[in-house]
Amino acid sequence: MISKKPEKNEFFDINKLPAEKGLLLFGLSMNKLTNGLNASHCLKYIQQISPSKVSKPLIGLNFIYGDFLYLLSSEKSYILKHKFMNEITHHKNSMQKLIHKHHLEFQIQNAFEYMTWNQLYLSMSDFPEKFSQLKNIYKKDKLFQKYLKEDCKAFNKKISENQINFFLEEHLMFYFLSKGKAYLPNEYIEHREKWILFCYPGNPLKAQIYLHQLNPFKLNWVENPYQNSQYNLESKKLINFENVDLETYSVK
């Protein structure tokens, strides 16, 4: 029986994750660590995936805190530094306690890794150079600018140089991660991942999708079925960027 091809902007849940070693990436927004992405919410999201969507126990999960990214702010850096240090430490400790408490569900305790944003810079040798190149692409690409502007409007963000850099850096980093171009430590997976899936409670932004559709650095990780996707932990749908019509797609 031939399955029907999804319509544009039509998305579905994941039935089973690949039966090969892979990584789930949970991107953690600093402004949500104490509410929508606190440890209890993260546990709930993990339980939505495991064990029902797990084919084999070959999956690691990396939490990525966006601390350094959030320094693109008008607030004084020393204030943010102290705030983020406390929030990250509390979140990690709370997460570890919950995972240990549910050890019968999560018997492979070393499958969970905790990373900060500035660690990702060290995972690539040329991220500053690539970011500079992306900025030049953005400045010349009217569609790119249009979609980023629409993203700002959707979330009531003022379009400033800091906000533009925030979105572009975030999108570029996860673009490289999904293409397998960055080093991700995970004691259980040991850099043998065949796939990576970025997970977040919300739809991907238009500018993020456009970057993948544009694929300015011509990257292709053939092994990874999710190299152009993001899993919405709230709607429980896999957003396939290749099936998005950005003119009719809604971020919210």
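**View 1. Helix H6 and the largest pocket.** The largest share of the lining of the largest pocket, seven residues, comes from H6, where helices (H or I, at least four residues) and strands (E, at least two) are DSSP runs, numbered from the N terminus. This is a predicted model, in which local features need pLDDT of at least 70 and side-chain atom pairs count only at pLDDT 80 or more, while totals for chains, interfaces and linings use all residues. Residues are numbered from 1 along each chain as its sequence is written, and side-chain values use heavy atoms, with hydrogens and water left out. The largest pocket has a volume of about 930 Å³, and of the 43 residues that line the largest pocket, Ser29, Asn31, Tyr70, Lys157 and Phe166 are the closest to its centre. On a 1 Å grid over the protein atoms alone, a pocket is an open set of points where a 1.4 Å probe fits, with protein on both sides within 12 Å along at least five of seven lines, whereas a cavity is a set from which the probe cannot get out; lining residues have an atom within 4 Å of a point. Grid points are joined across faces, edges and corners, and a volume is the space filled by probe spheres set on the points. The lining of the largest pocket divides into 20 nonpolar, 15 polar and eight charged residues, with Ala, Val, Leu, Ile, Met, Phe, Trp, Tyr, Cys and Pro counted as nonpolar, Asp, Glu, Lys and Arg as charged, and the others, Gly among them, as polar.

**View 2. The second largest pocket.** About 380 Å³ of space lies in the second largest pocket, and of the 18 residues that line this pocket, Ser50, Val54, Ile59, Glu105 and Phe106 are the closest to its centre. Helix H1 (39-49) and E2 are the elements that give two or more residues to this lining, and the largest share, three residues, comes from E2. By class, the lining has 14 nonpolar, three polar and one charged residues.

**View 3. The largest nonpolar core.** A nonpolar core is a set of buried Ala, Val, Leu, Ile, Met, Phe, Trp, Tyr and Cys residues joined through side-chain atoms within 4.5 Å, and buried means under 20% relative accessible area, exposed over 50%, partly exposed in between (1.4 Å probe, protein chains only). Of the 84 residues in the largest such core, Leu17, Leu24, Phe26, Phe63, Met95, Leu177 and Leu197 touch the most other members. Helix H6 (residues 161-178) gives the largest share of this core, ten residues. Leaving aside its neighbours within four places in sequence, Phe26 is in contact (heavy atoms within 4.5 Å) with residues including Cys42, Tyr45, Phe63 and Leu233.

View 4. Just after H7, Asn215 takes a positive phi of about 45 degrees. About 40 Å³ of space lies in the largest cavity, which is lined by Phe174, Ser178, Phe198, Gln208, His212, Ser229 and Phe241. Of these linings, H6 and H7 each supply at least two residues.
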